[in-house]
Amino acid sequence: MFTEEELKDIEGLKRGSDFIEVKCGCTSRKYGDTIGKLRVFTNGQFLISCECTPSCEEEKLTPYDFEKHSGKEGTRKWKNHIWVVMKNKKVPLWRTVLLKYYKHASNGANELTSTLAKRLFHRDEFVRCSRCKKERRFRLRTDEDCRRYHDAAKARKWKCANWPYDKITCKVDEERASRKSCRGCPRSPSCKGCTTCVCFGCFKCRFLDCKCRTCVDFVQNAEP
């Protein structure tokens with residue numbers, strides 16, 4: 001597949017029967033580095049297992065989906081934005097030998113997954129504290145994220161102390177208006193809502209065990 005000479009400087013290298021695995025990552029100005037493991041298969045397929053948090057269950061992400069999962073802002077150019085570590089430096093994929101095995105035909109299913117991901121993307125949302133009236137950001141990237149936001153949004157007396165990411169109080173300033181306008185849309189960072197980033201209901205943000213009217217209506221009318 002690859003020679004030892006070609007791969008000798010890439011960090012985290014492991015070999016399997018039909019693939020090689022290397023450490024990779026993608027950097028967002030807002031969220032920092034998201035680390036993963038990239039597997040390059042002999043048939044030309046690229047799959048990434050995310051290690052952003054110990055609880056992350058994203059194990060078979062396409063490069064496109066990994067880039068989006070990391071919260072990377074701006075246009076989607078995963079060959080430029082996803083990197084590997086060589087000699088303690090981050091090197092974009094397009095500058096490595098790894099892409100010579102990337103085949104569009106082998107990643108055909110990945111392209112379909114990416115198309116669906118675009119349609120089912122969930123932008124960041126805000127919940128207002130019932131005490132101080134400040135708004136707090138919720139990232140809707142995983143199923144768990146969506147459930148956290150859903151439960152917080154329907155709570156009548158949600159407070160800053162209930163924010164799931166860090167322990168904060170009402171004394172902490174809310175985000176500036178200019179920052180709040182950036183809600184993670186993959187099409188445009190300052191998007192105010194479009195068909196790419198606004199979801200009107202899917203099984204990621206609607207829940208079978210929830211009895212709220214929104215979830216009940218969706219489940220009753222969803223296609224089997």
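Accessible areas here come from the Shrake-Rupley method with a 1.4 Å probe; for residues, only the protein chains shown count as cover. This is a predicted model: local features need pLDDT of at least 70, side-chain atom pairs count only at pLDDT 80 or more, and totals for chains, interfaces and linings use all residues. Residues are numbered from 1 along each chain as its sequence is written, and side-chain values use heavy atoms, without hydrogens and water.

**View 1. Accessible surface of the protein.** The surface comes to about 13400 Å². Carbon and sulfur atoms hold 50% of that area.

**View 2. A salt bridge between Arg137 and Glu175**. A salt bridge is a side-chain nitrogen of Lys or Arg within 4 Å of a carboxyl oxygen of Asp or Glu. Here the closest N and O atoms are 2.7 Å apart. Arg137 lies in strand β8 (residues 135-138) and Glu175 in the loop between α5 (143-154) and α6, so the pair ties together parts 38 residues apart in sequence. Helices (H or I, at least four residues) and strands (E, at least two) are DSSP runs, numbered from the N terminus. Arg137 is buried at 7% relative accessibility; Glu175 is partly exposed at 22%. Buried means under 20% relative accessible area, exposed over 50%, partly exposed in between (1.4 Å probe, protein chains only).

**View 3. The salt-bridge network around Glu175**. Glu175 also meets Arg179 in a salt bridge (3.9 Å, N to O). Arg179 is partly exposed, at 39%. The network links Lys30, Asp124, Arg137, Arg141, Glu175 and Arg179.

**View 4. Asp145 and Arg148 in helix α5**. Their side chains form a salt bridge (3.9 Å, N to O). The two sit 3 residues apart, about one turn of the helix.
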